[in-house]
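This report describes the fold of one protein chain and the surroundings of selected residues. Please consult the sequence and the structure while reading.

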Amino acid sequence: MYQSYIFDLYGTLVDIHTDEERMEVWEKLALFYGYYGAFYTSQELQKAYQELTKESAKGALRHDSHESFPELQIEDVFQELFRQKGVEVLRDLAVHAGQFFRVLTTDYVRLYDGTREMLEELKAAGGKLYLLSNAQRIFTEYEMRALDIFRYFDGIYISSVYGYKKPDIRFFEQLLEHEKINKEAAIMIGNDGICDIKGAKEAGLDTFYIRSNISPKEETPQADFVLEEMNQRKVKELLLGGKEETLLC
């Protein structure tokens, strides 16, 4: 059995769908900004947001994932949107603006069936649980609390905090070194063949690939464990069984 379980979040533990293109989102966000004297039309606000994030998007590994520019701190963008209208606000308000935007753009965010039970059993068996996610802290940390899974994790590592993202080896090493994880007894579980599986292999970890409804369109990667569809009960069984039960499902 493994000692340390390193999880991706979205598409691995949590199912999510967001849509930033609906004009209703920008109309409501523009109204929010107007409350504080930063007056935008919906179209103007959308364009300003896109311009502030486009430089980051140019460097993205690929564009078929739901994460929103995890190499930056998105609250910086929302604070700059105030400044562009000559309004100086405290950092907390920029965070609240970002979180309001997240709520407006989220169609749903929910656990995959059996996720909480799987995490509970890994903990009960003595495992240490860690999160390594390409995401924004002001979204992810709060969504984990709302879904009541934050409490299961011994360490949470979110890319916006560190300025780099999976599959960057530095992100994996940050977790491994800080938590003093024994690589020989650790495994990375994720739904992305490049970010999760390739990155973890380069870091010297065993890997578990799960093809979920929001996995990138890609060939099945070479991993120590593979599930071709989401099944948290099977994830739990394979993880608790250990390396000797490696198989393709």
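## Basis of the description

The model is predicted, and for this reason local features are reported only at pLDDT of at least 70 and side-chain atom pairs only at pLDDT 80 or more, while totals for chains, interfaces and linings use all residues. Residues are numbered from 1 along each chain as its sequence is written, and side-chain values use heavy atoms, with hydrogens and water left out.

## The chain as a whole

The protein chain contains ten helices and eight strands; helices (H or I, at least four residues) and strands (E, at least two) are DSSP runs, numbered from the N terminus. Of its 249 residues, 51% count as buried. Here, buried means under 20% relative accessible area, exposed means over 50%, and partly exposed lies in between, with a 1.4 Å probe and protein chains only. The accessible surface of the chain is about 11,600 Å², and carbon and sulfur atoms account for 49% of that surface. These areas come from the Shrake-Rupley method with a 1.4 Å probe; for residues, only the protein chains shown count as cover. Among contacts between residues at least 6 apart in sequence, 66% join residues at least 24 apart; a contact means heavy atoms within 4.5 Å.

## The sheet

Six strands make up an open sheet with parallel pairing, in the order β5-β4-β1-β6-β7-β8. Two strands are taken to pair if DSSP finds at least two bridges between them. At the edges stand β5 and β8, each of which pairs on one side only. On average, neighbouring strands of this sheet are turned by 15° against each other, direction ignored. For such angles, axes are lines fitted to C-alpha atoms (for helices, over the stretch in contact), and the angles run from 0 to 180 degrees between N-to-C directions. Within the sheet, β6 and β7 pair in the parallel sense over four bridges. M188 has T207 in β7 as its bridge partner.

Helix α8 covers residues 169-178, and its buried residues are F171, F172, L175 and L176. They lie on the same side of α8, because they cover an arc of only 125° around the axis; the arc is that of the directions from the helix axis to the C-beta atoms. An α-helix has 3.6 residues a turn, so residues three or four places apart point the same way. The exposed residues E177 and H178 are carried on the face of α8 turned away from its buried side. The buried residues of α8 pack against several elements, including the strands β1 (4-7), β4 (128-133), β5 (155-158) and β6 (186-190). The helices α7 (159-162) and α9 (193-202) are also packing partners of these residues. After α8 comes K180, with a positive phi near 55°.

In helix α6 (residues 137-146), the buried residues are I138, F139, T140, E141, E143 and M144. Their packing partners are β2 (14-18), α3 (74-83), α4, β3 (106-111), β4 and β5. Just after α6, D148 has a positive phi of about 60°.

The table gives the relative accessibility of each residue discussed below.

| Residue | Relative accessibility |
|---|---|
| L29 | 0% |
| S212 | 10% |
| S215 | 14% |
| Q99 | 17% |

L29 belongs to helix α1 (residues 23-35). Apart from neighbours within four places in sequence, L29 is in contact with L45, F78, A97, F100, F101 and L104. The C-alpha atoms of L29 and G98 are 9.5 Å apart, although 69 residues separate them along the chain.

Q99 is part of helix α4 (residues 91-105). Leaving out residues up to four places away in sequence, Q99 touches I138, F139 and Y142. Of these, I138 and F139 are among the buried residues of α6.

S215 is located in the loop between β7 (206-210) and β8 (225-227), and S212 lies in the loop between β7 and β8 as well. With residues up to four places away in sequence not counted, S215 touches N191, Y209 and I210, and S212 touches G11, Y112, N191 and M230. The side chain of S215 reaches the backbone oxygen of N191 at 2.9 Å. A polar atom of the S215 side chain also lies 2.9 Å from the backbone nitrogen of S212. Both are polar contacts, meaning pairs of N or O atoms within 3.5 Å; within protein, one atom must be able to donate a hydrogen and the other to accept it, and residues adjacent in sequence count only if both atoms are side-chain atoms. Between the C-alpha atoms of S215 and G193, 22 residues apart along the chain, the separation is 8.6 Å.
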